[in-house]
Amino acid sequence: MSAFDPRMTPANGHAAAHELRGVVEATRYVKGTVRTVQQPLVNLSDAPRGERANQLMFGEAFRVIDERDGFAFGQSLRDGYCGYVLSGALARQEAATHWVAAPATHLYPKPKLKAPPEVAIFFGSHVRVTSDMGDFKKISTGHFIPSGHLQPLRARFGDPVGVADMFLGTPYLWGGSSRWGIDCSGLIQAAFIACGQDCPRDSDQQRGLGRELHPDEPLKRGDLIFWDGHVGLMSDAETLLHANAHHMAVAYESLAQARARIMASTDGIGSGTGDVAMRRRVEAA
């Protein structure tokens, strides 16, 4: 990616990250302050009150570069993506110990199954466990999470397709990154990061993952299929798993059927346009 891709450049004219001094123009250059997301989800937008480009989840770290008028501009430490979030969604930095490895989980006020949960957080959220109650773990907010929904921070899955399958039926949401709503590249990112593979946010960036397949190489589970503006994951040699605006959900579809439908499409919203542009294979991390 270009060093000046605004999605990946922590600078907004008012301020820039100190490492960009002499590279981009800004009124001031700052080290920035790392804060932690304190809401279940927060939109990361391309401008204050702008369009959603990404989402950050509970417990994620965000490096604040500039703050004004109720919005913080900065960079996600998950993937380097830059944008604006509501300042009120951020709290002081907190070191996590575990992450949510279930599609979603409830935060219970007591370590009891029948206690009415107060809120839900989503796959990939980070939490700090303060005590282990057996079936439940207490986190720093004072809530309790079922122990089976958490994994230690360094734990990872082994199969991106298996992770993506956990999102089956999730509503399609442009810029979405969670079980509440997700888009094509958000699904790919969630699946690969959960398996220990660094993965950028957008489909054009993800074209740099792994290696391009030769035309005569057969497809297999875990291969990535790209169209212009769209990406999906092969669950086997013939079946695609992808978040798309045709189904308005994460769905399985035969590659042949998806290819014919996308080639005939002209809107390009959430399902790409044209024929397959690239096939790539990402080896296990």
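Mentor: The model is a predicted one.

Trainee: Which radius of gyration does the chain have, and why does it agree with a compact globule?

Mentor: The C-alpha atoms fill a box of roughly 55 × 55 × 30 Å along the principal axes. For 285 residues, a compact globule would have a radius of gyration near 19 Å. The value for the chain agrees with this, because it is 20 Å.

Trainee: What percentage of the residues of the chain count as buried?

Mentor: A residue is buried when its relative accessible area is under 20%. Applied to the 285 residues of the chain, this gives a buried share of 49%.

Trainee: How many strands does the chain have, and in which order do six of them form an open sheet?

Mentor: The chain has four helices and 25 strands. Six of the strands form an open sheet with antiparallel pairing. Their order is S20-S25-S21-S22-S23-S24.

Trainee: Which strands stand at the edges of that sheet?

Mentor: An edge strand of this sheet has a single partner strand, so one of its sides is left without a neighbour in the sheet.

Trainee: Which residue in the turn between S21 and S22 has a positive phi?

Mentor: Strand S21, residues 224–228, is joined to S22 by four bridges, and the two run antiparallel. Within this pair, Phe226 stands opposite Val231. The two strands form a hairpin with one residue between them, and the turn residue with a positive phi of about 85° is Gly229.

Trainee: Which residue in S23 is the bridge partner of Met234?

Mentor: A hairpin of four residues joins S22 to S23. Two bridges link these antiparallel strands. The partner of Met234 in S23 is Leu240.

Trainee: Which residue in S24 is the bridge partner of Thr239?

Mentor: Strand S23 comprises residues 239–244 and runs antiparallel to S24, with six bridges between them. In S24, the partner of Thr239 is Ser254.

Trainee: Where is Met248, and what is its phi?

Mentor: Met248 is in the loop between S23 and S24. At 46% relative accessibility, this residue counts as partly exposed. Most residues other than glycine have a negative phi. Met248 is not a glycine, yet its phi is positive, about 55°.

Trainee: Is Asp69 buried or exposed?

Mentor: Asp69 lies in the loop between strand S6 (61–68) and strand S7 (71–76). Although not a glycine, Asp69 has a positive phi of about 55°. Since its relative accessible area is 69%, and over 50% is the cut-off, Asp69 is classed as exposed.

Trainee: Which residue stands opposite Val42 in strand S5?

Mentor: Val42 lies in strand S4, residues 41–45, and is buried with a relative accessible area of 5%. Five bridges join S4 to S5 (residues 52–57), and the two strands run antiparallel. The C-alpha atom of Val42 is separated by 5.4 Å from that of a residue 14 places away along the chain. The residue opposite Val42 is Leu56.

Trainee: Which residues does Val42 contact beyond its neighbours within four places in sequence?

Mentor: Strand S4 is mostly covered, as four of its five residues are buried. With the neighbours within four places set aside, Val42 is in contact with Val37, Asn54, Gln55, Leu56, Val85, Leu86 and Ala89.

Trainee: Which residues of helix H2 are buried?

Mentor: Helix H2 spans residues 184–193, and nine of its 10 residues are buried, so it is largely enclosed by the rest of the structure. The buried residues are Cys184, Ser185, Gly186, Leu187, Ile188, Gln189, Ala190, Ala191 and Phe192.

Definitions and conventions
Residues are numbered from 1 along each chain as its sequence is written. This is a predicted model: local features need pLDDT of at least 70, side-chain atom pairs count only at pLDDT 80 or more; totals for chains, interfaces and linings use all residues. Side-chain values use heavy atoms; hydrogens and water are left out. The radius of gyration is taken over C-alpha atoms; the globule rule is 2.2 Å times the number of residues to the power 0.38. Buried means under 20% relative accessible area, exposed over 50%, partly exposed in between (1.4 Å probe, protein chains only). Two strands pair if DSSP finds at least two bridges between them. Contact means heavy atoms within 4.5 Å.
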